[in-house]
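Reader: Please take me through the fold of this protein, and then through one of its helices.

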Amino acid sequence: MQQLQHAARALGWDGRLVPDVEVLGTRFTAVARIRQDVHQWRRHHGWEPELNPAWFKAWSEPEHHDQLPVAAVDLIGILVPVAKPSRALRACGTLLTLAPCAVVLPGQHRYDALSMLELDYYGAGVVTTGPDDSGKLVIPPENRAAEFGSSMFGRWLLEVLYSRLLDHPQLTENA
C-alpha cells in the first residue's frame, strides 16, 4: 500500500486510497475524495450509497425516478500495479474512460521505449517505485474521461467508492 501512496503523491493526487476495487476484469486502487457538502446533504436526506447496478439502469427512465442523488465522491485517478510495461495498456484499458489512469511499475523494470510511447499516446500514466518506495513520475496521465462522457457504469462506480470510503474511514489519506 505504501508503494501506491508514493505513486499517488508523485502524481500529485490528493485523496484517499481505496484498494482492491475490481471492475471490468481489472483490480486497481482508486484515489478518491468525498465531497463533504454533498455527503452532508445526502446524509441529512437519507441518500445512502446505492450499490445496486439495476437501480442505475432505471436512471435512464425518468418516469421511475423523479429525484437522483448527486455523486458524493470525486474520482481523482486510478492506480494499477503491473510487473512489466507490456502489460500496462491492457491494465488501464477501459479504465481510461472513467478517470486518469496510471500504472505503477517496479523501479527496476527495463525501459521499453515502444511501450512507453504507446502508453503516452493513449494517455495512460507511468510511475515507478524504487526499493525505498519513493515514486517517480515517468509519464503524466491524461484525463480522457470527458472524451467519453458520463456513463451509468461510471456513476455506479462512484457509489461503490462512496460506500467503501464510508465503511472504512481508516483508508489511507494521501495528503
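This is a predicted model: local features need pLDDT of at least 70, side-chain atom pairs count only at pLDDT 80 or more; totals for chains, interfaces and linings use all residues.

Author: From the N terminus on, the elements of the protein run α-β-β-α-α-β-α-β-α-β-β-α-α.

Reader: What share of the residues of the protein count as buried?

Author: A residue counts as buried under 20% relative accessible area. The protein exposes about 9,500 Å², and carbon and sulfur atoms supply 52% of that area. Of its 175 residues, the buried share is 48%.

Reader: Which residues of α2 are buried, and how are they placed around the helix axis?

Author: Helix α2 covers residues 36-44, and its buried residues are Val38, His39 and Arg42. Seen down the axis, these residues fall within an arc of 100°, so they line one face of the helix. An α-helix has 3.6 residues a turn, so residues three or four places apart point the same way. The buried residues of α2 thus lie within an arc of 100°.

Reader: Which exposed residues does the face turned away from the buried side of α2 carry?

Author: Exposed means over 50% relative accessible area. On α2, the face turned away from the buried side carries Asp37 and His44.

Reader: Which glycine follows α2, and what is its phi?

Author: Helix α2 is followed by glycine 46. The phi of this glycine is positive, near 75°.

Key. Residues are numbered from 1 along each chain as its sequence is written. Side-chain values use heavy atoms; hydrogens and water are left out. Buried means under 20% relative accessible area, exposed over 50%, partly exposed in between (1.4 Å probe, protein chains only). Helices (H or I, at least four residues) and strands (E, at least two) are DSSP runs, numbered from the N terminus. The arc is that of the directions from the helix axis to the C-beta atoms. Accessible areas come from the Shrake-Rupley method with a 1.4 Å probe; for residues, only the protein chains shown count as cover.
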